[in-house]
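Please open the model in your viewer and keep the selection panel at hand. The stops below say what to select next and what is found there.

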Amino acid sequence: MRVFDLATTPLRELNSALHTIAPGANDTNFEVVNPRGSHSVAVGIDQPVTVEVRGSVGYYCAGMNDGGAVTVHGSAGPGVAENMMSGTVVIEGDASQYAGATGRGGLLVIKGNAASRCGISMKGINIVVHGNIGHMSAFMGQSGHLVVLGNAGDALGDSLYEAKLFVRGEVKSLGADCIQKEMKPKHLKLLAELLEKAGVTDVSPEEFKRYGSARTLYNFNIDNADAY
Amino acid sequence: MCGIVGLFLKDKSLEPQLGAMLSDMLVIMTDRGPDSAGIAIYGAPSDGRAKITVQSADPKQDFAGLEALLKPVDPSVAVELKSTHAVIETNADKSQAVRELLAQERPEIRVMGSGDSVEIYKEVGLPKDVVSRFGIRKMAGTHGIGHTRMATESAVTTLGAHPFSTGADQCLVHNGSLSNHNNLRRELVREGMTFETQNDSEVAAAYLTAEMAKGKDLGQALTSALDDLDGFFTFVVGTKSGFGVVRDPIACKPAVMAETDQYIAFGSEYRALVNLPGIENARVWEPEPATVYFWDHEKAA
């Protein structure tokens with residue numbers, strides 16, 4: 001285990017150590033202490049490393065992650081796991097705005113609450129939030145899954161494409177073109193798998209409602225002008 | 001981007017450290033805006049006395065003999081010089097006369113803020129330089145706000161720095177940009193408000209002053225701001241005994257708050273809060289969009 005103390009070591013040393021791991025290397029476990037809200041902790045990982053961050057981070061933690069397993073034992077600032085390609089990112093506390101934005105793959109688990117725009121423009125990432133999510137979440141979500149054990153804020157799934165949303169609690173309001181959909185057996189199976197991957201054991205897939213695109217705004221139609 | 005901080009103490013034993021705590025919070029936010037910085041500190045008001053914080057681009061000339069100049073209006077006047085700023089303490093009932101004499105005799109001097117308890121210091125430059133030239137770290141107080149500015153809507157000048165104060169013991173710091181500030185300024189001018197700058201944030205401060213002059217409390221004025229101000233904003237505001245926070249309905253400007261038994265703290269980022277005592281066990285949350293948060297020492301007492 002390599003330990004980086006950000007109180008004494010520049011962040012750049014941590015990130016370049018993460019970027020220079022040769023394929024097949026054994027020394028792939030990292031611990032980061034004293035992050036104290038630092039930005040860009042563990043960005044650009046492209047090897048199957050594990051990173052344990054002891055404390056809260058600032059902007060863009062684990063951005064562009066491709067294959068790493070990053071755990072933040074604290075809260076995360078805006079843009080955590082933005083544009084993730086693969087791997088896992090787990091936030092033990094809360095996440096700020098646009099968690100998992102534009103993510104193309106991998107799994108983001110937020111054990112606390114996520115703020116606004118969680119999963120905005122998601123493109124294949126799976127996001128599981130144990131608590132609540134804020135307004136405009138999954139805005140323009142293109143593919144992937146957003147699972148919320150708590151409540152969702154205003155305008156969930158506004159202008160949604162093919163991302164699938166599962167919410168267990170209340171949804172304050174649905175965004176343009178987002179509707180509640182039938183929960184079919186294949187969705188229950190998929191949701192059960194996602195919950196298991198995210199370490200959720202005390203909640204059943206039957207407790208969730210599914211939301212998706214009504215697909216009326218895919219192509220411009222003058223009759224829908226008010227809805228855009 | 002701009003960086004904002006605010007600290008409202010509940011625990012009186014922390015009051016001697018207010019300036020030091022707020023300075024640390026602000027200096028950490030330097031990379032959100034290096035153009036100018038400012039801080040407002042609310043000290044303990046003393047009975048019947050008022051403070052006027054003034055600034056001059058040429059302090060040597062403008063502040064020379066200032067106390068002697070003002071004595072005929074108020075024999076009890078005391079002037080404390082701090083770099084480009086000076087704090088004039090007078091009897092509250094003489095405050096207006098002092099300001100009138102200042103405007104007449106030393107027209108180059110600008111009033112940064114006034115009231116029973118507030119002192120406001122702001123200059124172009126980095127927060128660490130601003131807090132050290134004014135000795136902010138040594139200041140005691142009950143609450144305060146600070147701002148480090150990345151200029152977007154108007155010029156990089158001392159007057160364009162935050163906090164903006166447009167009423168007695170009132171001040172505001174702003175992260176964001178308003179889109180209807182020109183119209184709103186015209187309306188406020190018609191109602192009798194005056195403006196020192198073309199800055200959008202000064203319009204927000206003046207708007208709140210005008211609303212409170214109609215009898216609203218700070219919380220009610222902030223609620224009205226949600227209807228009448230257009231654009232992006234996170235505001236942190238101070239009054240003589242109050243501290244408020246509001247974000248616009250889109251809420252894309254960052255904000256994080258923390259509360260313990262000892263204080264309520266605001267930062268643009270969590271980094272600003274990490275040195276506060278007991279932050280590990282504080283309730284930390286992100287203020288909701290279009291929601292007014294408001295605390296008042298007088299109401300709590």
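Begin by selecting B:Y207, B:L208, B:E211 and B:M212 in α7(B), together with B:L218, B:A221, B:L222, B:S224, B:A225 and B:D228 in α8(B), since these are the residues through which the two helices meet, contact meaning heavy atoms within 4.5 Å. By class, this contact holds seven nonpolar, one polar and two charged residues, where Ala, Val, Leu, Ile, Met, Phe, Trp, Tyr, Cys and Pro count as nonpolar, Asp, Glu, Lys and Arg as charged, and the others, Gly among them, as polar.

The model is predicted; local features need pLDDT of at least 70 and side-chain atom pairs count only at pLDDT 80 or more, while totals for chains, interfaces and linings use all residues, and side-chain values use heavy atoms, with hydrogens and water left out. Residues are numbered from 1 along each chain as its sequence is written, and chains are lettered from A and ligands numbered from 1 in the order in which they are written.

Now widen the selection to the whole of helix α7 (residues 200-213) and helix α8 (residues 218-228) of chain B, whose axes come within 9 Å and cross at roughly 125 degrees. The axes are lines fitted to C-alpha atoms, for helices over the stretch in contact, with angles running from 0 to 180 degrees between N-to-C directions. α7(B) and α8(B) are therefore oblique to each other, as angles under 35 degrees count as roughly parallel, over 145 as roughly antiparallel, 65 to 115 as roughly perpendicular and the rest as oblique.

To see the contact, pick B:H181, B:L184, B:R185 and B:L188 in α6(B), which meet B:D200, B:V203, B:A206, B:Y207 and B:A210 in α7(B). These residues divide into six nonpolar, one polar and two charged.

Then select residues 2-298 of chain B, which an unreviewed UniProt entry annotates as "domain: Glutamine amidotransferase type-2". The end C-alpha atoms of this span lie 30 Å apart, and the span is 25% helix and 32% strand.

For the complex, the predictor gives an ipTM of 0.91 and a pTM of 0.94.

Methods. Helix = DSSP H or I, 4+ residues; strand = E, 2+ residues; numbered from the N terminus. UniProt positions renumbered as here; feature names shortened; annotations may be inferred.
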